[in-house]
Amino acid sequence: MVASDKQGDQRRLRVARFAVIAFFFLNGVTLGTWATRIPAVQAKLSLQPGPLGLALLGSAVGAVVGMNIAGRIAERLGSRLVSTIAGPGLFVALTLLALAPTLPFLALALVLFGAFNGAMDVTMNLQGVDVERGYGRPILNSFHACYSAGSLLGAAFGGILASMNAGLLPHFLMIAIVACVGILVSARFLLPAAPAQSQARAHKQKVVFALPSLTLLLLGLIAFCALLSEGAMSDWSAIYLSGTVHSGAGLAAAGYATFSLFMAFGRGVGDYLAARFGAAMLVRLASLLAGIGLTLALVVAWTPTVLIGLGLVGAGLSVLFPLVLSAAGRSSRQNTGAALATVTTCGYFGLLAGPPLIGFVANGVGLHLALGMVVLLCALAAACAQVADVPTSNDNDPSSINDREAVTPQ
């Protein structure tokens, strides 16, 4: 009977893993779809980089709000329920982006899009952490690789439709319907909510973040640089190709597809490279690779060269965030949740603030120079790389917090 129960638990865990993969993949497809059609929305509404950056700020604001609300609800009702609501909400918001007739409406639609994406991001990662805990070995990076694969597929398909001048609404509606069906089918196989904690334990966990150490602050700085750069490539690579390099719509979309392809490949080999070279060396080399790739794309504004450069950026950025999360986890065996929360918060701040910041700077000095900030951030990450070699702390960390809720943004 015990062996049978154990086999049943293992089977449910495997099925849950595939369900979480579906969530990451479909989230990537959705964001890849949006990234490749931003130039079409910009052209439809005749937006300059500054107003477009302001609209993208709505997505950042929505994401911050969505992350916090979803995190708090998931603590009480479980991440499965919130994920099941957030996924379809994201796809509905995608269709609203195609319907936006004016800049204010686009900004409001982006707030909604960002809120549901933030909620989905938090809860699917919580599900991923639970599944990883059940497996007893690191597998979270594989979920993010599936996200990259989804982004690649969404970007590739979006590029094809963009080159055919396909309408935004039919494109977004098709993606929304398919993704919604996939989410609703997969959601029933997610892990259920964990049993409620006792009042005494809940009281102890009210303070989630301890004062971060210098090590965590530097790891957070690398995460900030990495995800700001990733967000800049997501929202501005197609604009750079279409507006500055003057590529066609299809080739402009291919820029983000190339970035996503190399990012997926980099995450696939990242664990092997980390074991081969060490975390600090890999962070340094990857940051420099990303910086060199973007420099190439900015200095030689020729479409094939830009595509090669964006591929190098994707390969370099792919491993940075997982590596700093791993280093944060090693910084304390008992305080892992709080350490990850600190680094993740820094990273997501860069991801959310980066695209609108690029837009505001581009409005003043041009997108070409604005993207040069990303090169400087890659150099800064490389300078801080040594901190990724973090030894495991002892168990006597006074700020120790070992609870799943600690990874929830507060």
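Buried here means under 20% relative accessible area, exposed means over 50%, and partly exposed is anything in between (1.4 Å probe, protein chains only). Before you click on anything, note that this is a predicted model: local features need pLDDT of at least 70, side-chain atom pairs count only at pLDDT 80 or more, and totals for chains, interfaces and linings use all residues. Residues are numbered from 1 along each chain as its sequence is written, and side-chain values use heavy atoms, with hydrogens and water left out.

**Stop 1: Met281**

Select Met281, which sits in helix H10 (residues 279-299). Helices here are DSSP runs (H or I, at least four residues), as strands are (E, at least two), numbered from the N terminus. Met281 counts as partly exposed because its relative accessibility is 36%.

**Stop 2: the cavity**

How many cavities of 30 Å³ or more does the structure hold? There are two. A cavity is a set of points on a 1 Å grid, over the protein atoms alone, where a 1.4 Å probe fits but cannot get out; lining residues have an atom within 4 Å of a point. Grid points are joined across faces, edges and corners, and the volume is the space filled by probe spheres set on the points.

Go to the largest cavity, with about 670 Å³ of space. It is lined by 37 residues, and the ones to select are those closest to its centre: Leu31, Asn117, Tyr147, Ser234 and Leu351. Elements giving two or more residues to this lining include helix H1 (2-45), helix H4 (103-135), helix H8 (214-244) and helix H13 (336-365). H4 gives the largest share of the lining, seven residues.

While you have H13 in view, pick out Ala353, which is found in that helix. With 25% relative accessibility, Ala353 counts as partly exposed.

**Stop 3: the cysteines**

Which disulfides are there to select? The structure holds zero, a disulfide being a pair of cysteine sulfur atoms within 2.5 Å. Show Cys225: it is in no disulfide, and the nearest cysteine sulfur, that of Cys384, is 6.9 Å away. Cys225 is buried, with a relative accessible area of 1%. Cys146 also counts as buried, at 19% relative accessibility.

**Stop 4**

Select Leu54, Leu57, Val61, Val65, Ile69, Ile73, Leu77, Leu81, Ile85 and Phe360: together they make a nonpolar patch of about 870 Å². The elements that give two or more residues to it are helix H2 (49-77) and helix H3 (79-99), and H2 has the largest share, seven residues.

For the record, patches are made of residues with over 30% relative accessible area and no salt bridge; nonpolar side chains (Val, Leu, Ile, Met, Phe, Trp, Tyr) are joined within 5 Å, like charges within 9 Å. A salt bridge is a side-chain nitrogen of Lys or Arg within 4 Å of a carboxyl oxygen of Asp or Glu. Leu54 lies in H2 and, at 47% relative accessibility, counts as partly exposed.

**Stop 5: two loops**

Finish with Ser46, in the loop between H1 and H2. Phi of Ser46 is near 55°, a positive value in a residue other than glycine, and Ser46 counts as exposed at 62% relative accessibility. Then jump to His246, in the loop between H8 and H9. Phi is positive at His246 too, near 65°, and His246 is exposed, with 64% relative accessible area.

Conventions. Areas by Shrake-Rupley, 256 points an atom, 1.4 Å probe, with all protein chains shown as cover. 1 Å grid on protein atoms, 1.4 Å probe; cavity = no way out; pocket = protein on both sides within 12 Å on 5 of 7 lines; lining within 4 Å.
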